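Please open the model in a viewer and keep the selection panel at hand.

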Amino acid sequence: MSNFHALAIDEIRAETIDSASLRFAVPEALRADFAFTPGQHLTLRATIDGADVRRSYSICSALDDGELRIAIRRVAGGRFSNWALDTLKPGDRIDVMPPAGSFGPPPAPERACRYVAFAAGSGITPVLSIVASVLAREPRAEVTLVYGNRRRETTMFHAALEDLRRRHQPRMTLLHVLSGDADGMADMAGRIDRPRLDALLAAAVDARRVDHFLLCGPGTMVETLREGLLAHGVAAAAIRAELFTTAPADTQSAPAAAATGPVGRVVVLRDGARRDFVARLDGGNLVDAAEAAGIELPYSCKGGVCATCRCKVTAGRVEMLQNFALSDDEVAAGFILACQSHPITTEVTIDFDAT
Ligand code: FES
């Protein structure tokens, strides 16, 4: 049931002193599988020092770029990022799972939507794809992007964003927030925090006229902004958030423990196939339980962040311990993160084909 495809890397481009973007050559036969919507990510898999290591990276290319590209930033001690940036070269092949995720708002070419995005660090990658696609495909859309970094040299896609701003003035407003702004180049110095949000909403953005707020960065920033926006009267449905964190990704789960307590039967539907396995009712998670039964479910972070393991419960019930990836609407519709869930009824069906 593995959904990985070995794709060739046909270009590696340095983006900053600590990041690079990788472009994949997608063969004709896989074009449909790798069609993406802005805001989605790819899960990459590699064997590093004998271990199966997976990471999810957001697609940074826009719909009209005609390419599939992700960006990787070096993380201190990060197993995958350091291996990828030090080892991979054009022509290499790497296992890649088709695009997943639902961070991007639905396209609205006929409307005059207003978008306000807050991105910090490598959180810009999905936001760049969304913003560039919106500006190209929605002729009356207006975008405000507030982008936080330490310094100019570590600001990913600086030139691409300036080019977007130039080409789409006055529909695009770009504000750089730099916390270590030695040369005074920033539009604002400091961090993206609650006072900055309050100031922006007081002076430059009428929150009531914004259709979509996009938040992408570390958990503290995302939560602070979400709370702030709700306090300013923004509807929860107008806020789309994606967490960018490295913590769970560098920890691979231990193999599933043997099922010694009460167990349930889990039916999994994926790619039109039906299989089943046994999982504990008192803990563990569905990804590990399936793996112990020889069934591979899609996963990457195993931390409730990336949504690679997103599926829908169509029968029975599960308990989901953490969720940093699914919206309230998705949860209400029955979607779960398999890496964070265990059954609480003896019969459960999870459907990976549900949309
Ligand atoms: S594998 Fe990332 S949320 Fe489950």
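A nonpolar core is a set of buried Ala, Val, Leu, Ile, Met, Phe, Trp, Tyr and Cys residues joined through side-chain atoms within 4.5 Å. The model on display is predicted.

Begin by colouring the domains: the assignment gives domain 1 (5-96), domain 2 (114-243) and domain 3 (263-351). The centres of domain 2 and domain 3, taken over C-alpha atoms, are separated by 33 Å.

Next, select I124, V127, L145, F157, L161, L164 and M172, the residues with the most contacts inside the largest nonpolar core, which has 29 residues. At least two residues of this core come from each of β7 (114-120), α2 (124-137), β8 (142-149), α3 (158-167), β9 (172-178) and β11 (212-217). Helix α2 gives the most, with eight residues. Domain 1 (5-96) and domain 2 (114-243) each supply at least three residues to this core.

Centre the view on F157. Beyond its neighbours within four places in sequence, F157 contacts R13, E15, C60, A71, I124, T125 and L128. Then select V116, M188, I192 and C301, which are among the 27 residues of a second, separate core.

Turn now to the aromatic rings. The whole structure holds two aromatic pairs. One of them, Y57 with F80, is tilted, at 5.9 Å centre to centre and 40° between the planes. Because Y57 lies in strand β4 (residues 51-58) and F80 in helix α1 (residues 79-87), the pair ties together parts that are 23 residues apart in sequence. Both Y57 and F80 are buried.

Finish with two charges over rings. The charged end of K302 lies over the ring of Y299, 4.4 Å from its centre; that of R310 lies over the ring of F335, 3.8 Å from its centre.

Methods: Residues numbered from 1 in each chain as written. Predicted model: local features only at pLDDT ≥ 70, side-chain atom pairs only at ≥ 80, totals over all residues. Heavy atoms only, no water. Phe/Tyr/Trp six-rings, centres within 6.5 Å; stacked < 30°, edge-to-face > 60°. Helix = DSSP H or I, 4+ residues; strand = E, 2+ residues; numbered from the N terminus. Buried < 20%, exposed > 50% of the residue type's maximum accessible area, 1.4 Å probe, protein only. Lys NZ or Arg CZ within 6 Å of the ring centre and 35° of its normal. Domains from an automatic or database assignment. Contact = heavy atoms within 4.5 Å.
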